Amino acid sequence: MQIDVKCSKYASRIEGASLRPVMVHEQVETPAFVYQEAAIRDALLAMHAVIGDSGCRLLYPLKPFSRANGLRFMRPYIDGFSVSSAFEAAFARTILGKRGTVHLTTPGMCPADLAGMVANCDFVAFNSLSQWDHFRDAFERHASCGLRLNPQLPVVLDDRYNPCRAHSKLGVPLDALTERVAHGDFSMQGLAGLHLHTNCDSGDFGVLADTIEHVEGKLEHVLDSVEWVNLGGGYLAEQAEHVDRFRSAVGRLRKRFGVEVFIEPGASTVRAAGQFVTTVVDLFESEGVTVAVLDTTVNHLPEVFEYQFQPEVVGHQPEHPHAYLLAGSSCLAGDMFGTYRFDRRLEIGTRLILPNAGAYTLVKSHRFNGINLPTIYCVRENGDIQIEQRFTYEDYLNHNGVCDDASV
């Protein structure tokens, strides 16, 4: 796929798309999740600008954001989807039809899921040598089969996000694959590709070039025989550095080994596209601190609690005079977003916007305490605001196993 885009052109567009929240907060019912098609477009164009003329193909992984209309909107800008389960594979195929490819890798491949995976996937990267031995025959005539590789070259300091951490569950250790190939293991015949993913939210594409060089040095003979290499994701186009080294490394892979090269940035594609809109429903003093309770909860943005970070809130500045502890509406004591300062006093009914919330929010949101999920809106590319989904008590009943004809 060839997308004609200049880096400078992209930079002027993405600044507005990612830094200026869409001012729809008075037009939606809260809590609301609002995503922008234009921001998704700009993020994909940014990655195409990074890829340049290297020939690298662009995939989008469903895991950070999987709204059907959003995925349909992406189709002209990508070569396919990457997935991690049978459900995602079937969903991706439904969205794509015959217009792109579906790429699968998962640590937990189960026999019960094989039929769906075989029916819907074009590329499969088995997560372990055990998976390769057990499941390759099922896919052999239906998909191009490869291995996920752990290059054993850690670049992420926080082990919660580090695919190359000690005792990693993600991929075949480079040493193990090197040893198996060195022994001329007959079972490795038919290996068509390698998938490697080492980073998380990094703009340094030079690190990816280092990883490519590292794998080249260790697996030259394997690269001579495979057909494709998937470089994974975890890279930020809007903060891209050392792009020339990345393009050079990709070009070298393609020219030297004749392989097709893929990259699959996820969170950076959708993070700036999403925002939460929430309303203050209560204000009170607690030991000298003003608590503002919102009609949303960290359970709508689960990574806030999981990883204990403080999300952005539009209007907050450290020097502003009015401080509030923003709290979610569940009974969880730690349902807190953090302390924020505003230039005006908040009131019951004040609406707040949490920007850059497009990734790993809706896909992880849940109904703890029976608190309803946010209503979902889309801002179309032409600026129209449309409601996509409103959740109801019936959805809550179905989630909890109450059938339509059953009495509660």
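Trainee: Which residues of helix 4 are buried?

Mentor: This is a predicted model. In helix 4, residues 86–96, the buried residues are A86, E88, A89, A92, R93, I95 and L96. They pack against helix 3 (68–74), strand 3 (80–83), strand 4 (101–104) and helix 5 (114–120). After helix 4 comes G97, with a positive phi near 60 degrees.

Trainee: Why is helix 2 called roughly perpendicular to helix 10?

Mentor: The axes of helix 2 (residues 37–51) and helix 10 (residues 243–257) cross at roughly 70 degrees and come within 9 Å. Angles of 65 to 115 degrees count as roughly perpendicular, and therefore helix 2 is described as roughly perpendicular to helix 10. Helix 2 contributes A49, V50 and I51 to the contact, and helix 10 contributes V243, F246 and R247. By class, the contact residues of these two helices are five nonpolar, no polar and one charged.

Trainee: What makes T278 a buried residue?

Mentor: T278 has a relative accessible area of 1%. Buried means under 20%, so T278 is buried. This residue is found in strand 11. Beyond four places away in sequence, T278 touches T30, L294, D295, T296, T350, R351, L352 and L354.

Trainee: How do you know that the side chains of T278 and D295 form a polar contact?

Mentor: The side chains of T278 and D295 are joined at 2.7 Å. A polar contact requires N or O atoms within 3.5 Å, and the pair T278 and D295 is listed as such a contact at 2.7 Å.

Trainee: How do you know that strand 11 pairs with strand 1, and in which sense?

Mentor: Four bridges link strand 1 (residues 32–36) to strand 11 (residues 274–286). Pairing requires at least two bridges, so these strands count as paired, in the antiparallel sense. A32 has V277 of strand 11 as its bridge partner. V277 also stands opposite I353 in strand 15, and strand 15 (residues 351–354) runs antiparallel to strand 11 with four bridges between them. Strand 11 pairs with strand 12 (residues 289–294) as well, in the antiparallel sense over six bridges. Strands 11 and 12 form a hairpin with two residues between them, and E287 in the turn has a positive phi of about 55 degrees.

Trainee: What makes strand 8 covered on both faces?

Mentor: In strand 8 (residues 193–196), G193 and H195 on one side and L194 and L196 on the other are all buried. Strand 8 pairs with strand 6 (residues 144–150) in the parallel sense over four bridges, with L149 opposite L196. Three bridges also join strand 8 to strand 9 (residues 228–230), and the two run parallel.

Trainee: Why is H167 called exposed, whereas N369 is called partly exposed?

Mentor: Exposed means over 50% relative accessible area. H167 has 83% relative accessibility and therefore counts as exposed. N369 has a relative accessible area of 42% and is therefore partly exposed, since that class lies between 20% and 50%. H167 lies in the loop between strand 6 and strand 7 (172–173), and N369 in the loop between strand 15 and strand 16 (375–379). H167 is not a glycine, although its phi is positive, at about 60 degrees. N369, also a residue other than glycine, has a positive phi near 70 degrees.

Methods:
Residues numbered from 1 in each chain as written. Predicted model: local features only at pLDDT ≥ 70, side-chain atom pairs only at ≥ 80, totals over all residues. Heavy atoms only, no water. Axes fitted to C-alpha atoms, helices over the stretch in contact; angles between N-to-C directions. Parallel < 35°, antiparallel > 145°, perpendicular 65-115°, else oblique. Contact = heavy atoms within 4.5 Å. Nonpolar A, V, L, I, M, F, W, Y, C, P; charged D, E, K, R; others polar. Buried < 20%, exposed > 50% of the residue type's maximum accessible area, 1.4 Å probe, protein only. Polar contact = N/O pair within 3.5 Å; in protein donor to acceptor, adjacent residues only side chain to side chain.
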